[in-house]
Amino acid sequence: MAKKILVTGGTGYIGSHTVVELQQAGYEAIIVDDLSNSNADVIEGIVKITGIRPIFEKLDCVDFSALKDLFEKYSGIDGIIHFAASKAVGESVQKPLMYYRNNLVSLINLLELMPEFNVKGIVFSSSCTVYGEPNNNPIDENAPIKPAESPYGNTKQINEEVIQDFIHSGASIKSIILRYFNPIGSHPSAEIGELPIGVPQNLVPYITQTGIGIREQLSVFGNDYNTPDGSCIRDFINVVDLAKAHVVAIERMLTDKSDEKVEIFNLGTGKGVSVLELINVFEKVSGKPLNYKIVGRREGDIEQIWANPDKANNVLGWTAKETIEDTVASAWKWQQRLRNRGVM
């Protein structure tokens, strides 16, 4: 019988790609999502790729009783991949209480229910933001955790601590914490991709929406950083590569390949790419110039950060494989597909 994996935030960007990889690896995916930043139509894209319709329940993980009802309805859930969270740095500065409520309470509810329903482990979607502004790059998992640059980043730090404290207390669960860098791109089929509601908070959908004419102009936040071209540097990782890492993590956790109750892995390419370099890649793969302007720095932004992914490479046996050119091209293909469908 296929193992059941609860995917919170499973109609979201990373969640939907992970559901595809889970189903293709033989798992049964149960999606819960409140659709606050995603669309249930994503499920049709998953079906087109995999031929399998995942279970979907519209549910807010902050609602404890609704979440408990879900565990009772779908008995025998083996593991959880927890994506459901508010995730925009800039928005978190403006709406900190919303971020603390959504991101902390949802995890606490899941952890509280896991032992009661014999759920073995949880893969937690964390972020490189826990490292703050790093002293050195690339950074590995032993880099110091620094004061967060934003409420969003702080929720990731606190959630990691909550997981570790709960397991340290004797809870009969395991966890793998995945600190990922900057996911971009889309499934190569262009059946699913990043589709933010309203104005995009992430760079690549804003680039592609500007490229296709939905947005008039892209703002680049600062060109006076201490980097080669003055713009911020990030480790941009292909979303399908990232999704595959979650499947490897679930398999490791459920088959007890490690004696450790909590493991932490950085997920990145090991290469830093600046915002202006990424714009140049887009112009190359799309064959068109991008309308952008340099504006002032944005509060909460880190100057430069990229991963040392050796631990994930060697221990998980996972490696980011897609090139930055192919990844940006997949995002552009997705944007064009949306236009052809009349979505945007």
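The expected span of a helix is 1.5 Å times one less than its number of residues. Helices (H or I, at least four residues) and strands (E, at least two) are DSSP runs, numbered from the N terminus. This is a predicted model, where local features need pLDDT of at least 70, side-chain atom pairs count only at pLDDT 80 or more, and totals for chains, interfaces and linings use all residues. Residues are numbered from 1 along each chain as its sequence is written, and side-chain values use heavy atoms, with hydrogens and water left out.

View 1. Helix H11 covers residues 324-341. At 1.5 Å a residue, its 18 residues should span 26 Å, and the end C-alpha atoms are 26 Å apart, which agrees. Buried means under 20% relative accessible area, exposed over 50%, and partly exposed in between (1.4 Å probe, protein chains only). The buried residues of H11 are Ile324, Thr327, Val328, Ser330, Ala331, Trp332, Trp334, Gln335 and Leu338. Their cover includes strand S7 (182-184), helix H7 (203-212), strand S10 (236-238) and helix H9 (275-286). Just after H11 comes Gly342, with a positive phi of about 80°.

**View 2. Helices H5 and H6.** Two packed helices are described by the angle between their axes and the distance between the axes. Axes are lines fitted to C-alpha atoms, for helices over the stretch in contact, and angles run from 0 to 180 degrees between N-to-C directions. The axes of H5 and helix H6 (residues 151-168) come within 10 Å and cross at roughly 20°. That makes H5 roughly parallel to H6. Angles under 35 degrees count as roughly parallel, over 145 as roughly antiparallel, 65 to 115 as roughly perpendicular and the rest as oblique. The crossing of H5 and H6 is right-handed: the near helix is turned clockwise from the far one by less than a right angle. Contact means heavy atoms within 4.5 Å. Residues in this contact include Tyr99, Leu104 and Leu107 of H5, and Ile158, Val162 and Phe166 of H6. The contact residues divide into 13 nonpolar, 4 polar and no charged. Ala, Val, Leu, Ile, Met, Phe, Trp, Tyr, Cys and Pro count as nonpolar, Asp, Glu, Lys and Arg as charged, and the others, Gly among them, as polar.

**View 3. Pro96 in helix H5.** Pro96 is found in H5 (residues 96-113). Pro96 is partly exposed, at 29% relative accessible area.

**View 4. Helices H1 and H8.** The axes of helix H1 (residues 13-24) and helix H8 (residues 239-254) come within 8 Å and cross at roughly 60°. H1 and H8 are therefore oblique to each other. H1 passes H8 in a right-handed crossing. Among the residues that meet are Tyr13, His17 and Leu22 in H1, and Val240, Ala243 and His246 in H8. The residues of this contact divide into 8 nonpolar, 3 polar and 2 charged.

View 5. Most residues other than glycine have a negative phi, and most peptide bonds are trans. Leu35 has a positive phi, near 60°. Leu35 lies in the loop between strand S2 (28-33) and helix H2 (42-50). Asp256 also has a positive phi, near 55°. Asp256 sits in the loop between H8 and strand S11 (262-267). A cis peptide bond joins Asn137 and Pro138, with omega about -5°. Pro138 lies in the loop between strand S5 (121-127) and H6.
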